[in-house]
Amino acid sequence: MKEGRFGDWLKNNVDWALSRERYWGTPLPVWRCRAGHIHVVGSFSELAERSGTVLEDHHRPYVDELTFPCPEISDGDSEPCGEPMRRVPEVIDVWFDSGAMPFAQHHYPFENKDVFEDSFPADFICEAQDQTRGWFYSLLGVSTLLSGPAPYRNVVCLGLILDEDGQKMSKSKGNTVEPWEVLDTYGADAFRWYFFTSKQPWDGYASRPRP
């Protein structure tokens with residue numbers, strides 16, 4: 001990685017929002033009442049105890065249906081607020097889910113301690129350059145928050161497929177080249193050989209020579 005572009009990614013780190021305005025994802029475990037009090041639910045068992053309902057699926061829309069009386073006791077009051085609390089609509093940013101992967105896949109630390117310790121940290125992880133701020137960082141951040149070591153020993157960083165202007169090919173940008181056209185014209189082996197011989201793995205691959 002070039003020092004000026006990627007090498008200072010920790011030094012130049014910025015705040016990262018915990019939530020996203022999406023429907024699918026891990027629901028943010030934050031409930032709020034009309035008075036503005038906020039309560040963060042710490043476990044499924046606490047949610048079941050407060051709401052009186054045990055869910056088999058804690059995703060939306062089921063978790064959004066649960067309410068419970070606000071437990072907040074304001075200054076000067078002797079009784080809890082008691083207003084109905086409802087979950088805020090946001091979900092947790094999916095990168096936090098991805099960062100928790102080494103632990104969550106084994107339900108560690110709640111069980112499977114031996115299985116987890118046999119496979120942690122990973123010998124290597126492999127993704128493209130655009131995962132530097134995403135997966136590489138979220139894995140490291142979550143592990144650090146849990147007072148653990150780095151969750152991987154090595155990173156294999158791949159380049160991106162670029163368009164003729166050097167921009168990352170993306171479906172949202174509409175600048176992709178359909179691989180079937182290339183495969184039908186030149187064949188799979190030629191396609192593989194091009195990627196294998198034309199550049200180093202961590203460099204970007206342009207779809208055609210740039211002027």
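**Cys-70 and its surroundings**

A: Leaving aside residues up to four places away in sequence, Cys-70 touches Cys-33, His-37, Pro-80, Cys-81, Gly-82, Glu-83 and Met-85, where contact means heavy atoms within 4.5 Å. This is a predicted model, in which local features need pLDDT of at least 70 and side-chain atom pairs count only at pLDDT 80 or more, while totals for chains, interfaces and linings use all residues. Residues are numbered from 1 along each chain as its sequence is written, and side-chain values use heavy atoms, without hydrogens or water.

Cys-70 belongs to the largest nonpolar core, which has 10 residues: Trp-31, Cys-33, Val-41, Leu-47, Leu-55, Val-63, Leu-66, Phe-68, Cys-70 and Met-85. Such a core is a set of buried Ala, Val, Leu, Ile, Met, Phe, Trp, Tyr and Cys residues joined through side-chain atoms within 4.5 Å; buried means under 20% relative accessible area, exposed over 50%, and partly exposed in between, with a 1.4 Å probe and protein chains only. Another core, of six residues, lies apart from it and includes Trp-135 and Tyr-152.

Met-85 sits in strand E5 (residues 84-87), on the covered face together with Arg-87. Pro-84 and Arg-86 form the uncovered face. Strands (E) are DSSP runs of at least two residues, numbered from the N terminus, and two of them pair if DSSP finds at least two bridges between them. E5 is joined to strand E2 (residues 30-32) by two bridges, and the two run antiparallel; here Trp-31 is opposite Arg-87. Strand E4 (residues 68-69) also pairs with E5 in the antiparallel sense, over two bridges, and Pro-69 has Pro-84 as its bridge partner.

Note on methods. Helix = DSSP H or I, 4+ residues; strand = E, 2+ residues; numbered from the N terminus.
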